[in-house]
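Student: I would like to go through a model and learn how to read its features one by one. Where do we begin?

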Amino acid sequence: MLLIFAITSAGAIFLVDLFFLRPQSLDQQQSALSERATGAQKTVEMALQSQRNELQQVCAAWASGRQVKGYLSGKQDATAMRAVLDQGFNATKVDVAWISDAGGKTLMAWSRQGGVAATGADAAKTAAASETDTVRLLKFGHSVGIYVRSEAPGAGGAFCIASVLDGASFDQLGRLISGQVDFVSSPALPLVKDSSVTASQSFWHGEGNKLTTVWLAHDHAGQVLGYYRAVVDDDQVFRQAVGARRTVLIILSLSVGLILLVITGVHMLVAGPVLRLMRRLQQIECGAADSHTLTRDLHGEPLEVARRLESAFDEMDRISKTDALTGLANRRRFDEMLHTCFEQARRYNRPLTAVVIDIDFFKAINDVGGHPAGDEMIRRVGTAIQAACRKADLAARFGGDEFAILLPESAASDAVPVAERIRKAVADLVITAANVELRATCSIGIADLHSGEIESPSALLSMADRALYAAKELGRNRYVLSQDLDSIQWPDMAPDRLKVNSLSKKLAGLDTHFKDLFVSAVEEVIETLEQRNPHMADHAHRVRHLAVLIAREMELPDRLIKHLSGAAILHDIGMLAMPDSVLLCNGGLNEQQWQIMQRHPQIGARIMEGMEFLEQEIPTVRYHHEHFDGTGYPEGLVGAKIPLSARILAVADSFEAMTSPRAFRGPHSPQEALNEIKNQSGAQFDPIVVEAFTALADRLSPAVLLNSQRQKQTWRTQEDLQTQLEAQLQSPEPAEEE
């Protein structure tokens, strides 16, 4: 195949040279010769024209001078005139001069050499009779001269001069074109073979690479006096034309040779390695080899392909073990490492600890900021977890808002600093979505091989999950060791514990019940509070009314306003656990009673924790008594760490409480309550919320602001309840969300 390709290529190059390159080279050579000949002719003619211009200036100066005018008017004789001409023309190139009268008759002639003047005078007489041109050629024997004639103004005659083109003149013209120039007295151009002939020019390429060009010379009357002949070298033109053709042939030949070389190299260097690479890929598919054997004994392009395949296999392996959102290990990778580390720890009696982490109230972040905000929070939490871990630890994301860490060669006590670093880092995270600052906390469970009867990796994770649930029960934003589960002191909920537990269980099943059960349960909660304390009548509805007005004034998203409305209805549900001595106290609370009262937000949050569809409302209920300066309860949160909905609810709750009667005091006026809220701006209340409430109060009347009429309607619309009811009836599984 290579031999056939070589022969075919050689024949193709020969045909290209024969039918394309050679004719094109000849055309280029002929065109270059024509340009060279035309250039020589133009150079000579421009030099002759320059001489004519110089003679014209000299002739015009003498014709207008007083000597010529004096001679024509008879004031100066011929001898004096000749003396003047001898003296004036010694420094010029003038060879012949004469003076003629108005009728063209020569009155006097002058010449540098004898015998020329008469001829010049006769020619001048003929010229004067035939035309009035001032620049012309005259024939002087076998040579020619440049003839110029100028009228003598006011004298009735003319002054004529001529310069004969002798050998020196033609030598000077030859130097201008780097060749030779002469004049041939012949009435026609010579006819030569292989010449390019026009009406007045002919050129040909002769021996010795000499280019000869001739063109006609005419006198003033249009008669041919002869022709000029210029001979120049054309070696460069010839070499350029031939060199271009040779260059193309060389390039074509080298290209064919290079193609043959490439084909040979590809055959020797690529075909064999490609076959070896394909066999190894088949072995990998069959499980007889791994990706690290791909590059062995390969070179060239197959080696590069093998490296890329190996890199692709490694990347696929990494992706299969990595969580795409956080860059941490995924559940598959974590389970593999957990199984390996568990077996090694059991065999060599080494410590091993597992940590599980869950973001608190993550669904509320998704509902307020949307899924992009939730994804950003998960990424930030994953980064915080990775930064808090040691190099030997393995951090993984299980899915959703759940994370886990495997700590080889570490007991549970060694994991405590890691857990505390993670807790603090997550608590400091802040993201902004829909003009709302979102914060998160996390609950952490820690378990090691000495936490109990741990017989399998799954048992270790289950023990860590129990510790995680205990952290959530204790109020979240903390870590719990599995060894401490039996010794945890759970908060006492006072004598009404049985009532709270019963109500919590009842509400926990609302997500699978029908609309009437949900509505009646919420109304039952409100009526229970109102029956125990008459001063609390309509309190929840009025607080909801104010909170919704403030949220709309702040232009918050509708879904956040919806959850705020629900939290406002249920914000005092924890009051059910308060004893009558606290709830119906007619005076100020003592220290013990005040401590009991401060527990009602936590109790309310615990009651609601069993209902997944209330997950967004729980933080609002839990933190609505926190102060902006950190002096509130139950956890003393500061500033933006308090959920925005809780900060709004705090203002609405305080205003409604101050404008409503209590057992120990009468109601304050709306203006007094508003002034108190302004005074507490930046201390108890968020200044931004206070500013929005102040603007709202300035715009609305006290009656609209207080909304004193009782509103017997639930915080969910009838359309939402109907949609939920239809979904539950159609689905065999309980609905996960509202």
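**Reading helix packing and backbone exceptions**

Tutor: We begin with a loop residue: N477 lies in the loop between helix 11 (457–473) and strand 17 (479–481). Keep in mind that this is a predicted model.

Student: What is the phi of N477?

Tutor: The general idea is that most residues other than glycine have a negative phi. N477 is not a glycine, and its phi is positive, near 55°.

Student: Is N477 buried or exposed?

Tutor: The cut-off for buried is under 20% relative accessible area. N477 has a relative accessible area of 19%, so N477 counts as buried.

Student: Where is F361 found, and what is its phi?

Tutor: F361 sits in the loop between strand 11 (352–359) and helix 9 (362–388). Its phi is near 50°, again a positive value in a residue that is not glycine. With a relative accessible area of 10%, F361 is buried.

Student: Which residues does the cis peptide bond join?

Tutor: In general, most peptide bonds are trans. Here a cis bond joins Y633 and P634, with omega at about 15°. P634 belongs to the loop between helix 19 (618–623) and helix 20.

Student: Helix 20 leads me to packing. At what angle do helix 14 and helix 20 pack?

Tutor: The angle is taken between N-to-C directions and runs from 0 to 180 degrees. Helix 14 (residues 539–553) packs with helix 20 (residues 644–658) at about 130°, and their axes are 8 Å apart. Helix 14 passes helix 20 in a right-handed crossing.

Student: Which residues make that contact?

Tutor: Helix 14 contributes H539, R542, V543, L546, A547, I550 and A551. From helix 20 come I648, L649, V651, A652, D653, F655 and E656. By class, the residues of the contact of helix 14 with helix 20 are 10 nonpolar, 1 polar and 3 charged.

Student: How does the reading go for helix 21 and helix 22, and what is their angle?

Tutor: Follow the steps of angle, handedness and residues. Helix 21 (residues 670–679) and helix 22 (residues 687–699) pack at about 155°, with axes 10 Å apart. Angles over 145 degrees count as roughly antiparallel, so helix 21 is roughly antiparallel to helix 22. Their crossing is left-handed. L674, I677 and K678 of helix 21 meet V690, F693, T694 and A697 of helix 22. The residues of this contact of helix 21 with helix 22 divide into 5 nonpolar, 1 polar and 1 charged.

Student: Is F14 buried or exposed?

Tutor: Exposed requires over 50% relative accessible area. F14 has 52%, so F14 is exposed. F14 is part of helix 1 (residues 2–63). The C-alpha atoms of F14 and L249 are separated by 8.9 Å, although the two residues are 235 residues apart along the chain.

Student: What share of the contacts in the protein joins residues 24 or more positions apart?

Tutor: Among contacts with a separation of 6 or more, the share is 62%.

Student: How many helices and strands are there in the protein, and what percentage of its residues count as buried?

Tutor: The protein has 24 helices and 17 strands. Of its 738 residues, 45% count as buried. The accessible surface of the protein is about 37,300 Å², and carbon and sulfur atoms hold 54% of that surface.

Definitions and conventions:
Residues are numbered from 1 along each chain as its sequence is written. This is a predicted model: local features need pLDDT of at least 70, side-chain atom pairs count only at pLDDT 80 or more; totals for chains, interfaces and linings use all residues. Side-chain values use heavy atoms; hydrogens and water are left out. Helices (H or I, at least four residues) and strands (E, at least two) are DSSP runs, numbered from the N terminus. Buried means under 20% relative accessible area, exposed over 50%, partly exposed in between (1.4 Å probe, protein chains only). Contact means heavy atoms within 4.5 Å. Accessible areas come from the Shrake-Rupley method with a 1.4 Å probe; for residues, only the protein chains shown count as cover. A crossing is left-handed if the near helix is turned anticlockwise from the far one by less than a right angle, and right-handed if clockwise. Ala, Val, Leu, Ile, Met, Phe, Trp, Tyr, Cys and Pro count as nonpolar, Asp, Glu, Lys and Arg as charged, and the others, Gly among them, as polar. Angles under 35 degrees count as roughly parallel, over 145 as roughly antiparallel, 65 to 115 as roughly perpendicular and the rest as oblique.
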